[in-house]
Amino acid sequence: MKFNPADTIQDLQYFGEFGGVNPSISDSSTYTFLSAKTMVDTFEGNIDGCHLYSRHTTPSNLNLGDALAAMEGTETANVAASGMGSITPVLLQLCDAGDHIVSSRTIYGGTYAFLKNFIPRLGIQTSFVDITKLAIVEAAITKNTKILYCESVSNPLLEVADIIGLSAIAKKHNLKLVVDNTFSPLSITPAKLGADIVCHSLTKFINGSSDAVGGVVCGSQEFINDLRSVNDGASMLLGSTMDSLRASSILKNMRTLHIRMKQHSKNAAFLAGKFHADGLITVYPGLESHPSHELFKSMMNAEYGFGGMLTIDAGSLEKANALMELMQQKNIGYLAVSLGFYKTLFSAPGTSTSSEISEDEQKEMGLTDGLIRFSIGLDNDIERTYRMMKTCMIEVGVLENELVL
Ligand code: PLP
């Protein structure tokens, strides 16, 4: 039977301590042992099912990790206090001084800044490449390369990674393929396409309420054990631990993820089609004009759609800013970074989430001044939203058409 990530989440069963339908929240930083030997065995990782100290594991964090591993089809998962708190330990766990990473050049600005400015201090270098060109990716591999890194759908340009093709290259050169799947939960299941490790910022669609920051690494039991090792595990030692209360609230929100993703995708597909027809430069993987539309189709779990993210080019930063301010005034959405909220969120990545990337590099990768990134909300009547957006676009001169509604 075909893998369906929402069904695997549905099939999990948890109970609270007193038979509650929600698992109890573990409200302790440390745990008692009836015997000293069990404590030593737990510390040395020789025993399962016991908790030692909450930076290591907590029952609530393990519950959330189980749901995310089920969703991504991996053996297990480790949750973290943020998306960056999940991605950075993965990179540090897999690389030593002198090692090399081949990364997509269009990735979240924080990850880019970590690779470009931070880990060179530890002797780890990164080559940034156009991830859609497999020959260029392979040519960038050196004898020191350890990781191929990409986002399944990239922030902010919505480039789509050929995960099957990248996985073949990774296997050939004995590299780990690490994929950030934050933009396309449920729609794409990277581990089923050959990714070794899948990360998410839970802050976005997965939590979906813009009230929490969190992250996860999904992978093999062996790798997650490595990350958690008390001796040399990057997650354990860098200490980006999720709080149990948050893990519990994110787990509850995950139960509606499949419903939300369908609505985000439906609304984004509708708007993208309209904007495209209006003559705006619109990027959305669900549009046939997207260069990787067919690739996305070949990888996707079709019922969840092409995701909730789209971009348009407003022509200039001034017009982009005017449009975003007006749309916020009209309560179409919020001028805010991040994604996956019930309201539409919009920002100009060049001056916000990708501002870590230099102007020259932005130009080279096609990140224009007027680009607006939209995370489309769960609006009940998206045609009404479109009419409101179009009125704003005409008012600020992004669209010149007569208003025909
Ligand atoms: N990965 C992607 C694709 C993102 O968009 C972000 C944040 O915007 C992150 C990772 C980092 O996540 P967090 O802010 O939860 O650390």
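Helices here are DSSP runs of H or I, at least four residues long, numbered from the N terminus. Keep that in mind, and keep in mind that this is a predicted model.

Let's start on the surface. By that numbering, E222 sits in helix α8, residues 221–228. E222 is exposed, at 60% relative accessible area. Together with E75, D226 and D232, E222 forms a patch of negative charge on the surface.

Now the salt bridges. How many does the structure hold? The structure holds 10 salt bridges. I'll take three of them.

One joins E294 and K297. Their side chains meet at 3.8 Å, N to O. Both belong to helix α12, residues 293–299. They are 3 residues apart, so about one helical turn separates them. E294 is exposed, with a relative accessible area of 53%. K297 is partly exposed, at 43%.

Next, R105 and D130. This salt bridge comes in at 3.9 Å, N to O. It links distant parts of the chain, with the two residues 25 apart. R105 is in the loop between β2 (100–104) and α5 (109–118). D130 is in the loop between β3 (125–129) and α6 (134–139). Buried or exposed, these two? Both R105 and D130 are buried. The cut-off for that word is under 20% relative accessible area.

On to E361 and K116. Here the side chains meet at 2.9 Å, N to O. E361 lies in helix α14, residues 359–365, and K116 lies in helix α5, so this pair ties together parts that are 245 residues apart in sequence. E361 is partly exposed, at 22% relative accessibility. K116 is also partly exposed, at 37%.

Cysteines next. How many disulfides does a search of the whole structure find? The search finds 0 disulfides. Take C199. The nearest cysteine sulfur to C199 belongs to C218, and it is 7.8 Å away. A disulfide needs the two sulfur atoms within 2.5 Å, so C199 is in no disulfide. C199 is buried, with a relative accessible area of 0%. C50, by contrast, counts as partly exposed, at 29% relative accessibility.

Last topic: the backbone. Which peptide bond is cis here? The bond from N155 to P156 is cis, with omega near 5°. P156 is in the loop between β4 (145–151) and α7 (163–172).

Two asparagines also deserve a mention. N174 has phi near 60°, a positive value in a residue other than glycine. N174 lies in the loop between α7 and β5, with β5 covering 176–180. At 70% relative accessibility, N174 counts as exposed.

The other is N331. N331 has a positive phi of about 60°, and N331 is not a glycine either. Where is N331 found? In the loop between α13 (317–329) and β10 (333–335). N331 is partly exposed, with a relative accessible area of 43%.

To recap. A negative patch on the surface takes in E222. The E361 and K116 pair ties together parts 245 residues apart in sequence. The disulfide count is 0. And the N155 to P156 bond is cis. That's the tour.

Note on methods:
Residues numbered from 1 in each chain as written. Predicted model: local features only at pLDDT ≥ 70, side-chain atom pairs only at ≥ 80, totals over all residues. Heavy atoms only, no water. Patch = residues over 30% accessible without salt bridge, like charges linked within 9 Å, V, L, I, M, F, W, Y side chains within 5 Å. Areas by Shrake-Rupley, 256 points an atom, 1.4 Å probe, with all protein chains shown as cover. Salt bridge = Lys/Arg side-chain N within 4 Å of Asp/Glu carboxyl O. Lys, Arg positive; Asp, Glu negative; His and termini not counted. Charge placed at Lys NZ, Arg CZ, Asp CG, Glu CD. Buried < 20%, exposed > 50% of the residue type's maximum accessible area, 1.4 Å probe, protein only.
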